[in-house]
Each structure stands twice: as structure tokens, then as C-alpha cells.
Amino acid sequence: MGGGTTQLLMFAAIFAVFYFFMIRPQARKQKEEKKFRDNIKSGDKVITIGGIHGKIVSVNDTNVILEVESGQKIKVEKSALMGMPARPDEKK
């Protein structure tokens, strides 16, 4: 009786650790990334996953047009946007 209950409690504890340290933070991060991508607008400065810095010229459902430093415009998937560049006065 005690061995089976102990084993069941151990599996529950392991699942709880995985949930709170791996699954839940990842789900929260995905939710924040989706919110970021849904709220971008023309004029925002962004960084792509590949490290390209640019300013958004136009936005549609799945793509954005970025203007890079040289004045060139490139079409990028929204899913490739990582975030906005940190301002110098921001602290992590």
C-alpha cells in the first residue's frame, strides 16, 4: 500500500516541477510574443530573429515591410520578429 502511494506522489511531484519550471514559463512567453506581434504598428523599431534592425513601414496579417538603415525595404514574416531594441535608459 505505501509503495504504490509513494510512487504515485513522486510522479505527481515530478510533473509539478516540469509544469512550473518548463511548461508554464514557455506558455507565458508564447503569449507575450503573440501580444507583441498583434500590437506592432507602422513606425515601430524592431529586431528580427536574424538580428536585422529596422523600422516598420507597413503591416498586414502575416507580414511586415521593414525599412533598414540603408533605406532598403524588406518583407519579413511577423513570426520572425523578436522584439523592440532596448533603449539606453532601460535597465534589465
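**Reading a pocket and its salt bridges**

Reader: How many nonpolar, polar and charged residues are in the lining of the largest pocket?

Author: The lining has 3 nonpolar, 2 polar and 4 charged residues; Asp, Glu, Lys and Arg count as charged, and Gly is among the polar ones. This is a predicted model, where local features need pLDDT of at least 70 and side-chain atom pairs 80 or more, while totals for chains, interfaces and linings use all residues. Residues are numbered from 1 along each chain, and side-chain values use heavy atoms, without hydrogens or water.

Reader: Which residues line the largest pocket?

Author: In general, rolling a water-sized probe over the atoms shows where empty space is left. Here, Lys 45, Val 46, His 53, Gly 54, Lys 55, Glu 67, Val 68, Glu 69 and Pro 85 form the lining (a pocket is an open set of 1 Å grid points where a 1.4 Å probe fits, with protein on both sides within 12 Å along at least five of seven lines; lining residues have an atom within 4 Å of a point).

Reader: Which side chains meet in salt bridges?

Author: Side chains of opposite charge can pair when their charged atoms come close. The count here is 2 (Lys or Arg nitrogen within 4 Å of an Asp or Glu carboxyl oxygen). Lys 34 meets Asp 38 at 3.0 Å, N to O; they sit 4 residues apart in helix α1 (residues 2-39), so about one helical turn separates them. Lys 41 pairs with Asp 44, with the closest N and O atoms 3.3 Å apart.

Reader: Is Asp 44 buried or exposed?

Author: Asp 44 counts as buried, at 11% relative accessibility, whereas Asp 38, at 49%, is partly exposed (buried is under 20%, exposed over 50%, partly exposed in between, with a 1.4 Å probe and protein chains only).

Key. Helix = DSSP H or I, 4+ residues; strand = E, 2+ residues; numbered from the N terminus.
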